[in-house]
Amino acid sequence: MLGFGADKYVPILLTKRGERRALESLDPVIGDEVRPLLVVHEADWDYDLGQPKKSLDEHLSALPSDLAGSWKRPAFIDMNDLGDGPLASGVHPLSWFHGEAASQGLELTPVVSTISTDPYLDAAQGLVADGSDVCVRLAVDEWPAGAGPADIDELLAHLGTSPAECHLVLDMRDDVGAAAARLALAELRTLPYLNDWRSLTVASTAIPESMPPGSGLHVLPRHDWRIYAALRSGAVAPPLPRQPTFGDYAVNGASLGVDINPAVMQISATLRYTTDNEWLVAKGGLFKAHGGKSQGGMAVPPAASLLVSHPSYEAGHCAFEDWLAPVAAGQSGSNPEAWRRYATHHHITKTVPQIASLGAP
């Protein structure tokens with residue numbers, strides 16, 4: 001993957017079908033500005049047996065093909081959460097996944113961190129030796145200003161590479177308060193090899209892990225976007241020596257979703273809609289519940305009507321509005337996968353022009 005600057009956008013997304021379909025349906029002009037960081041999701045859990053529903057081989061078998069069918073541009077791939085396998089063939093999952101994707105024309109850059117396991121780093125090092133670049137994704141406690149530059153140097157040495165061949169993601173996760181903003185600013189001023197990294201992204205999310213309780217319309221500030229816009233505003237003095245790329249978790253919290261036992265799970269109809277500086281979270285009735293309380297897709301129209309009537313709603317903006325209008329008029333609102341798909345599609349379609357509006361970095 002070639003380097004890029006602050007004109008691009010790095011959404012951190014799971015590789016689930018809803019997110020894949022959101023990427024697949026992007027307008028090509030929008031898609032050209034996106035470099036997703038794709039976190040390979042774990043297999044669904046069988047709560048009765050206390051084990052994954054699929055083996056690692058079964059879980060991964062079709063995913064490279066599914067990704068290649070949805071996304072044709074370069075992307076980052078993070079498989080740190082899956083463990084080190086190995087697969088039945090004896091190959092590390094990262095090595096296998098990267099090779100399968102490449103055979104279908106999909107360019108994936110492996111994501112590592114200073115706390116990646118040695119087998120995972122060895123697999124990444126093998127990919128680097130074969131000509132791949134690499135992405136270093138660091139949580140706040142791994143940032144060089146606090147942890148020191150030695151960890152970064154040790155990681156680069158393990159991989160046999162240099163900052164010029166690495167993309168760097170400073171991941172604030174859900175820490176988006178004023179103190180975190182100051183910390184990010186300080187890191188961007190003192191970062192080792194500042195101008196050498198192939199790309200430099202600051203990522204975070206202001207979406208809470210749990211949505212506000214109760215039906216109705218809830219308004220959540222996009223603190224992550226506000227922090228980034230402030231960094232790019234020109235008001236920072238002295239000016240930043242290098243402008244970072246914007247990254248976020250789209251419409252997800254930092255955990256990218258929590259696996260809940262379906263036997264006890266209740267799901268409220270919840271639609272997330274991105275505006276310039278806020279998210280509108282519209283909640284309707286129970287899509288899934290116990291005791292005959294489930295409404296299914298018909299729990300969604302009341303939530304959709306709340307969005308359609310809001311002053312920040314943009315009729316005709318993208319595929320989300322095309323789907324939302326008939327739902328607000330009483331059509332069934334499908335299922336949570338569709339809600340995530342359209343919310344993610346809208347968020348990316350909204351964010352790319354916002355980044356462009358900040359002007360040339």
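**Ground rules**

I number residues from 1 along each chain as its sequence is written, and my side-chain values use heavy atoms, with hydrogens and water left out. As the model is predicted, local features need pLDDT of at least 70 and side-chain atom pairs count only at pLDDT 80 or more, while totals for chains, interfaces and linings use all residues.

**Entry 1: overall build**

I started with the elements and found 13 helices and 13 strands in the protein chain. Both kinds are DSSP runs numbered from the N terminus, helices being H or I with at least four residues and strands E with at least two. I then looked up the radius of gyration, which is 21 Å and close to the 21 Å that the globule rule gives for 361 residues, so the chain is as compact as a globular protein of that length. For my own reference, the radius is taken over C-alpha atoms, and the rule is 2.2 Å times the number of residues to the power 0.38. The C-alpha trace spans about 60 × 55 × 35 Å along its principal axes.

Buried residues make up 51% of the 361 residues. Here buried means under 20% relative accessible area, exposed over 50%, and partly exposed in between (1.4 Å probe, protein chains only). The areas come from the Shrake-Rupley method.

**Entry 2: salt bridges**

How many salt bridges does the structure hold? I have eleven on my list, each a side-chain nitrogen of Lys or Arg within 4 Å of a carboxyl oxygen of Asp or Glu. I followed up a few of them.

Lys8 pairs with Glu33, with 3.2 Å between the closest N and O atoms. Lys8 sits in the segment before strand 1 (9-14) and Glu33 in the loop between helix 2 (28-31) and strand 2 (37-39), so this pair ties together parts that are 25 residues apart in sequence. Lys8 is buried at 13% relative accessible area, whereas Glu33 is partly exposed at 23%.

Glu165 bridges to Arg198, the closest N and O atoms being 2.7 Å apart. Glu165 belongs to the loop between helix 8 and strand 8 (166-171) and Arg198 to the loop between helix 9 (178-190) and strand 9 (199-204), so parts 33 residues apart in sequence are tied together. I noted both partners as partly exposed, Glu165 with 34% and Arg198 with 23%.

Lys350 and Asp276 meet at 2.8 Å, N to O. Lys350 is in helix 13 (residues 336-357) and Asp276 in the loop between strand 12 (267-274) and strand 13 (278-288), so the pair ties together parts that are 74 residues apart in sequence. Lys350 is buried at 10%, and Asp276 is partly exposed at 42%.

I also logged a network of salt bridges linking Arg17, Arg21 and Glu337.

**Entry 3: a negative patch**

Which residues form the negative surface patch? I found Asp118, Asp122, Asp151 and Glu154. Helix 6 (118-129) and helix 8 (150-159) are the elements that give two or more residues to this patch. Patch members have over 30% relative accessible area and no salt bridge, with like charges joined within 9 Å. Asp151, in helix 8, is partly exposed at 32%.

**Entry 4: Asp81**

Asp81 lies in the loop between strand 5 (75-78) and helix 5 (93-103) and is exposed, with a relative accessible area of 51%. From Asp81 to Ser116 I have 9.4 Å in space, C-alpha to C-alpha, and 35 residues in sequence.

Methods:
Patches are made of residues with over 30% relative accessible area and no salt bridge: like charges are joined within 9 Å, nonpolar side chains (Val, Leu, Ile, Met, Phe, Trp, Tyr) within 5 Å. Accessible areas come from the Shrake-Rupley method with a 1.4 Å probe; for residues, only the protein chains shown count as cover. Lys and Arg count as positive and Asp and Glu as negative; His and the chain ends are not counted. The place of a charge is taken as NZ of Lys, CZ of Arg, CG of Asp or CD of Glu.
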